[in-house]
Amino acid sequence: MRLHTSDHEPGDALDLDRLWAATRPEEPSAETFDRLWNAALARASEPEVVRFPGAKAWGLGLAIFAQAAALLVAAGLALRAPTRKEAGPAPVEAPVVASVPEIQVDGGTIPIVHLGDRRGVIRGVEIRPQTPESETDMVADDLAVLGHMESL
Amino acid sequence: MSRPALITGLALLLLAAPGRDVRAQMLAQDMPARQVTLFGILATPAAPGTATVDPKLSKIAPQLRKLYPDASYSFKLLNSKSTRLMPGQAVTTPLGGGFVSGAELLNVPDNDGNIQFRFALDLDGRTEFATIVKTPPNQLFFCDKALPNGQKLLIGLGGR
């Protein structure tokens with residue numbers, strides 16, 4: 001908790017000093033301090049060891065099973081792991097869907113979108129003018145196809 | 001005109017004139033149903049003079065040949081569906097080999113009288129190609145997909 005200096009009266013600091021002096025424990029001697037410090041350093045440098053219960057507690061069979069399982073997992077990983085030469089090609093991300101925002105079909109034209117054989121490839125958008133023998137033939141072809149397909 | 005009559009008339013006019021959103025809704029609701037046809041044809045390269053045409057397509061063989069004037073193809077009908085759609089409804093046509101084509105009649109007012117579709121071609125459940133098609137009634141839109149063996153998957157879409 002932060003106290004504002006305005007919260008203290010001038011005499012409070014002296015009271016705190018007297019209280020500190022009265023309750024402060026005695027400082028250890030230099031030899032005591034060195035002994036404690038060296039012991040702490042020695043403990044900190046020792047490796048952490050997690051001790052399992054003895055074989056009698058767990059059962060010898062369980063210990064053997066655990067070792068066998070570890071060997072099997074290691075063998076399986078060794079057999080599956082590809083060597084550098086055998087490693088296959090990196091997976092290829094699927095390409096973005098090929099799309100044309102909008103196709104406006106005008107009368108008298110044949111619009112054809114040509115897609116490539118590979119996914120995501122548009123080879124071209126062709127707006128081919130119809131070549132009618134007469135004005136009335138301009139829609140006759142489409143009508144013929146539509147009408148025929150509707151009848152199937 | 002007296003002031004009370006003018007005020008009454010203006011009030012009636014404001015009440016009678018629907019808001020912009022309401023007008024759009026009314027216009028969409030008035031959009032007609034369309035007879036939509038979606039079909040798929042397999043075009044196989046053939047030596048000149050040896051091309052064959054599926055008997056179901058014999059009546060429109062000349063029109064199909066016009067699509068590929070520089071090459072000779074045999075044509076086989078894979079599937080055809082013709083159905084009456086309301087705006088917002090769709091038709092799908094399986095074409096074999098995992099291909100499915102679909103067309104949705106869009107609920108979009110068009111001042112030019114065009115019919116608007118959302119067209120898509122799927123392969124094994126993944127979309128290969130998609131676009132919006134705006135076309136006058138009775139006019140066809142085509143899409144062909146090159147197949148690895150030189151064949152073409154020709155898809156036609158039209159409405160009226």
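Helices (H or I, at least four residues) and strands (E, at least two) are taken here as DSSP runs, numbered from the N terminus. On that basis chain A holds five helices and three strands, arranged along the sequence as α-α-α-α-β-β-β-α, while chain B has three helices and eight strands in the order α-α-β-α-β-β-β-β-β-β-β.

The model is predicted, so local features need pLDDT of at least 70 and side-chain atom pairs count only at pLDDT 80 or more, whereas totals for chains, interfaces and linings use all residues. Residues are numbered from 1 along each chain as its sequence is written, chains are lettered from A and ligands numbered from 1 in the order in which they are written, and side-chain values use heavy atoms, with hydrogens and water left out.

**The two chains**

Of the 152 residues in chain A, 14% count as buried, a label that means under 20% relative accessible area, with exposed meaning over 50% and partly exposed lying in between (1.4 Å probe, protein chains only). In chain B, buried residues make up 44% of 160. Where contact means heavy atoms within 4.5 Å, 14% of the contacts in chain A between residues at least 6 apart in sequence join residues at least 24 apart; the corresponding share in chain B is 49%.

**The interface**

Contacts across the interface involve 38 residues of chain A and 44 residues of chain B. The area buried between chain A and chain B, that is, the accessible area (1.4 Å probe) that two parts lose on being put together, summed over both, is about 3600 Å², with carbon and sulfur atoms giving 56%. A:Leu115, A:Leu146 and A:Met149 supply 18% of the area that chain A buries against chain B, more than any other three residues.

Three salt bridges are counted between chain A and chain B, each defined as a side-chain nitrogen of Lys or Arg within 4 Å of a carboxyl oxygen of Asp or Glu. On the chain A side, β1 (98-104), β2 (109-115), β3 (122-129) and α5 (137-151) each supply at least two residues that touch chain B, and the largest share, 10 residues, comes from α5(A).

**Salt bridges**

| Residue pair | N to O distance |
|---|---|
| A:Glu150 and B:Arg160 | 2.9 Å |
| A:Asp15 and A:Arg18 | 2.6 Å |
| B:Glu104 and B:Arg118 | 2.6 Å |
| B:Lys145 and B:Glu128 | 2.8 Å |

B:Lys145 lies in strand β7 of chain B and B:Glu128 in strand β6 (residues 126-135), 17 residues apart, so that this pair links distant parts of the chain. By contrast, A:Asp15 and A:Arg18 both lie in helix α1 (residues 12-23) of chain A, three residues apart, about one turn of the helix; A:Asp15 is partly exposed at 41% and A:Arg18 is exposed at 55%.

**Aromatic pairs**

There are four aromatic pairs over all chains, where rings of Phe, Tyr and Trp (its six-membered ring) pair if their centres lie within 6.5 Å, and planes under 30 degrees apart count as stacked, over 60 as edge-to-face and the rest as tilted. One of them joins B:Phe39 and B:Phe142 edge-to-face, at 6.4 Å centre to centre and 75 degrees between the planes. Because B:Phe39 lies in strand β1 (residues 34-45) and B:Phe142 in strand β7 (residues 141-146) of chain B, the pair ties together parts 103 residues apart in sequence. Both B:Phe39 and B:Phe142 are buried.
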